[in-house]
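Please walk through the backbone, the helix packing and the cavities of the structure shown here.

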Amino acid sequence: MPLASLLLPPVLLVVAALAGWVMGRAGVAGGRLAAAGGAWAAIAVLAVAWFATGRTPLEQSTGTTIAGAPLILRFDAVTVLFWLAVLVPAALLLTFQRRSSGEAGMAALATAAALGALAAGSLVVAAFGLATCASLVLVLRCTDELGALRAFWPALTAAWLLLAWTAVLLQATAGTSAYDAVPVTALGVPLLVLLALAALLGSGLVPWRSWISDAWDGRRLEAGTLGVALLVPLGFAPLVRAYGMGGGQLPSALAGLVLAALGVAAALGAAIRAQAAASRRGVLAEAVPFAGGMVLLALGVGTPLGMVAALTGLAGVGVAAGLAPLAADRRGPLSAVAIAVLAGVPPALLFGAWLLGLQAALEAGELAGFLAMAAAAAWLLALAAAARAARLPLAPPDAEEAPSRAGDAAGVAVALAGGVGLTALIAALSIPAAAEVMPPAARAVQPVVSAAAILAPNTLAVGTASGGWAAALLGGPLIALGLAGQVVARALARRDGAGERPVLVVEPAGGVEPLFEPPLSGLPERFVAALRSLRTPEQYRSILQPAMLERAAASGRPWLWIAATVAMAIAVTR
Amino acid sequence: MITARAPWRLPVPAPALLGLAAAGAATLALVVAAPLLPFGDGLRLTAPGRVLLLASAVALGLTIVLAPHRVPRWELVAAGLGALGGQALLLAVADPLAVAILLVLVGFAFATRPSARPFSARARGPAFAAVLLGVGWTFVRMPGPAWVGRAGALALALGLVAAAGLVPYLAEVDPDEPASSSYVAWTGFFGPALALTLPGRLLTSMSAADAAVFGATLVGLGLVNLAWGTVGAWRTATDMDAWRYSFLVDWGLALVGIGLFGRDGFAAAYLAFVALVLVRLPLYLWARPALLGSRPARLGPLNVLLAVLLAGAAPFSGFPVRLLVLNVATQAAWPLAIPLVAAMLMGITYAMRLARTLGEHRGLAAIGLWVVLGISLVLGVLPGVLRAVAGL
Amino acid sequence: MTEAIAVAGAALAWLGVTLLAVAEGRRGLALGLATAAGGLATAAAAAGQPPLGVTALLAGGLAAAVLRLRSGGRGWNILPPGSTPRLMAALVAVLGAGLVASSEIASPAGAARVAGLVVAALALARILTTERRWAALGAGSALALGLGTLGGATGLVAGAAVAAGLGAIDGAEAAEAGG
């Protein structure tokens, strides 16, 4: 598989960005079309480049450097899955959200950067890519509102710094940070802690409100929600690759359980915030954190089924990131279906992925089983939040609503198609990707990840040790029934009313009381406010005055220079 | 318009400027042509020095042509040529003691630039640095007890820091003073020249124990300047001071890189200095109108991009510097990386503040900003090329 | 014999730079600079430095001294009111040099080195404490001469050149206009 065809998707997006910029300068409003076209074309090229050419993994050391580090690119099933998890929501958002040509061009560029980061073959290049993508998203967001500075920028900066530090530590201990070249024992628990921290911050998967939810606070949703679609998968990528670096497992089973617990905590936190949200936007804002938490649970379990569930869930995260913004600011049956899909109602992709994740956790053992039960409780809470959302106002009063019926429909269609075709998705993408990061041990004949252990022989149903279910055979008829019902309802409505009857829409007054108030509500803000309020105690202020010290040091007084020099000389020569 | 302000000082006589330009150009030509001259043995431009000299020339050209100025451009050309000549001399002179002596000349000549601050006050920093370097060089080569060598190594490290005007030798700042007459010339122009070439020449004559003191002092002062610069740029009351402290951050990283020795450490310092000269210094000049209150500060898409650049994030020039410094620090002692990572993270606290002062520019000034951005992008993505040219 | 000459040169250099430090008139400063140059050249010659370098050092110092007569305070004005701290500093410097570097002074090279260090230190002290341009320039020339003495031929020539170069800079206080 030539390298050129692998680079084509990001190149298409860059070309689209340039075209959009040129059109914007020329006053032609075609930038959005160019960006959307570039994204869909990238998906098509990706599908052809991967599936039509034998699905052969490729690792290419280009011989050049980027930011001083060897530029190693890796294109395998994991990369393909992540690229799709980014490209599908990006294509949806670029197509159906309103943007100026300049914004569309920048968005396309950011998407290209995300693809580049996901194709990294080493942690150093991944850190560079993450930082670049985060920088471009920051530019996109700050043109809308400065709220991006509050949580987004510090979190993403910490993420790429920690990733870079992990890469540097790996280079110091193992001589390289290339995924395929790192010795199996090099990634110890301390390095995994740093890597996991980077992943959690980059993906916004913390029990309290993170930058992902903050992305929904602005008047406009375009910039923030695209950033979520691009960066959350980017945050997960190094954690998935960590399995590959460790020969198919994390350095410690306990570490995996901790990760799984953190995932459940993140999902629980998202569900609690969703059920207490004051508007539909608030509920939808928690869709991606919840989905991400479920992915982290499956990832931490550490079994082949868990990895497959996690990777399938990542595709679900992409769907959630694309669908949630498009379903915002609308009412109606389609929007209700969208919210239900995002809450994990069958037969959508999210339902299938989360169910698989719970099964993996249950099969993994006692502790993981408890975590599975906690995750199930969180899921129930998310469903309650979705039901409550029907009676909430669409958005806060100052929000700029931008409903998109077509986008809503497209997103729902993708989610449902993913659910019905779940087994095909697992067979074609998730299992090969899991096999990449969970290779068989030396001289082992049997692969660690086998389709037989996950899918029924006819591959139309999931068949695991804890039970099986047929996604296509159950979901397909359900969707068909739903569509038929919708068609009949429309036909009846048209027959009953010769003309259009005005529909009175009554906005719910005051919303609906939540089940309970989030216990961690406002904790980060209170913590930051407490830090800001720290002052030198009154009785010491005359002694410790940093401003005076600064003035003295910056005044250029020679006596200070001499005193500092003499002091250091005494210290050195003693 | 910024250049239409009332004259703030008496005009500089044309013959003086011509003389300065001629001297600078002649010195530059002498240094560049030294390998071909029979008496050119004392002048040896290292490969990194050549790159820095070229970068300085590009930065001067860029800022003279495109940046907003209060000082007439022809005066800037003359001063720029003079400064370039001085920098070339500091880069090329092989004998460290001669460098210290020449530092006196460069320092006093620079102090003759028009300014509201007294001449003597502006000459103090270079004089102090020259004495530290001279005394230090003498002590490390002098036979005697061990403390003499250690004191000499300390003095050499302190001399580098004093020449650049870093903590604890911060120079007095007059906010109204043009950049071509201020501390920025030392921190952002002459200082990098000294720090880039002198350590290599000094270390060859030091014992291992003295070299350890030299390195430890640089690392310690590097961390101090990194911390001072980071916290200062974030918390200081004025944007002018914030810019000044942002220079300290770059210097802090460079000093840590030099002090830890090793190829990657020197490479980090080299890249940091090239970026300081080609990126941060020009950006400071573009920020001057807003700092002086003649142009409003604002935050547009370009400003946000510049904030990312100033915070040291990819894909700009700060990223490879940070990566290399983390690399050498981790290899030397991994806990050293903790304060470095913390300081790098805190870079975002003041980056937006600095970017806001870059305001909005039009015409040539806007083009200049984009050019600087492009240069930083190239430095960030392709530092390997720069390293290869410098043999690092 | 050479040791005695070197010590004498060092003493003369100290005397010169002390005179430079306590003089508030151009003639006093010029005399101090010339004396310091002479002392340093003597010490350097006794220490076996190349004759060309020594000659250059002396010439540079004398040139700087002559050029300093163009501007500055009128007349000699040696030891005016307020110069006591500078005088005390010079005495402390010589005492300190005697205490710390007594073994160094025993050899001609050591004596020359001590002379250069003392001159450099006192010249620096003058630069750090004066507000006058011409005084700073004079001290700068002395600083260059002192540092030059610490090196070989290159240092001597460089010190001489810089000292003379600084002498060429006008010492009149520039009229700084406000904005």
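B:Pro168 sits in the loop between α6 and α7 (184–203) of chain B, where helices (H or I, at least four residues) and strands (E, at least two) are DSSP runs numbered from the N terminus. The peptide bond leading from B:Val167 into B:Pro168 is cis, with omega near 5 degrees. Chain B has a cis bond between B:Ala314 and B:Pro315 as well, with omega about 5 degrees. B:Pro315 belongs to the loop between α11 (301–310) and α12 (318–332) of chain B. In chain C, C:Asn77 is not a glycine but has a positive phi of about 50 degrees; C:Asn77 is in the loop between α3 (51–67) and α4 (84–100) of chain C. Most residues other than glycine have a negative phi, and most peptide bonds are trans.

The model is predicted: local features need pLDDT of at least 70, side-chain atom pairs count only at pLDDT 80 or more, and totals for chains, interfaces and linings use all residues. Residues are numbered from 1 along each chain as its sequence is written, chains are lettered from A and ligands numbered from 1 in the order in which they are written, and side-chain values use heavy atoms, with hydrogens and water left out.

Helix α12 (residues 287–301) and α13 of chain A pack at about 170 degrees with their axes 8 Å apart; axes are lines fitted to C-alpha atoms, for helices over the stretch in contact, and angles run from 0 to 180 degrees between N-to-C directions. The two helices, α12(A) and α13(A), are therefore roughly antiparallel (under 35 degrees counts as roughly parallel, over 145 as roughly antiparallel, 65 to 115 as roughly perpendicular and the rest as oblique). Residues of α12(A) in this contact (heavy atoms within 4.5 Å) include A:Ala291, A:Gly292 and A:Val295, and those of α13(A) include A:Ala310, A:Gly313 and A:Val317. By class, the contact of α12(A) with α13(A) has 14 nonpolar, three polar and no charged residues. Here Ala, Val, Leu, Ile, Met, Phe, Trp, Tyr, Cys and Pro count as nonpolar, Asp, Glu, Lys and Arg as charged, and the others, Gly among them, as polar.

Helix α13 (residues 304–327) of chain A also packs on helix α17 (residues 405–420) of chain A, at about 150 degrees with axes 8 Å apart. α13(A) and α17(A) are therefore roughly antiparallel to each other. Their contact involves A:Val319, A:Leu323, A:Leu326 and A:Ala327 of α13(A), and residues of α17(A) including A:Gly407, A:Asp408 and A:Gly411. Seven residues of the contact of α13(A) with α17(A) are nonpolar, two polar and one charged.

In another pair, helix α7 (residues 189–203) and helix α9 (residues 222–245) of chain A have axes that come within 7 Å and cross at roughly 160 degrees. That makes α7(A) roughly antiparallel to α9(A). The contact of α7(A) with α9(A) comprises 10 nonpolar, three polar and no charged residues.

How many cavities of 30 Å³ or more does the structure hold? There are 11. A cavity is a set of points, on a 1 Å grid over the protein atoms alone, where a 1.4 Å probe fits but cannot get out, and lining residues have an atom within 4 Å of a point. Grid points are joined across faces, edges and corners, and a volume is the space filled by probe spheres set on the points. The largest cavity has a volume of about 220 Å³. Of its 21 lining residues, the closest to the centre are B:Arg117, B:Arg122, B:Gly125, B:Pro126 and B:Ala171. α5(B) supplies the largest share of that lining, five residues.

Notes: On a 1 Å grid over the protein atoms alone, a cavity is a set of points where a 1.4 Å probe fits but cannot get out, and a pocket is an open set with protein on both sides within 12 Å along at least five of seven lines; lining residues have an atom within 4 Å of a point.
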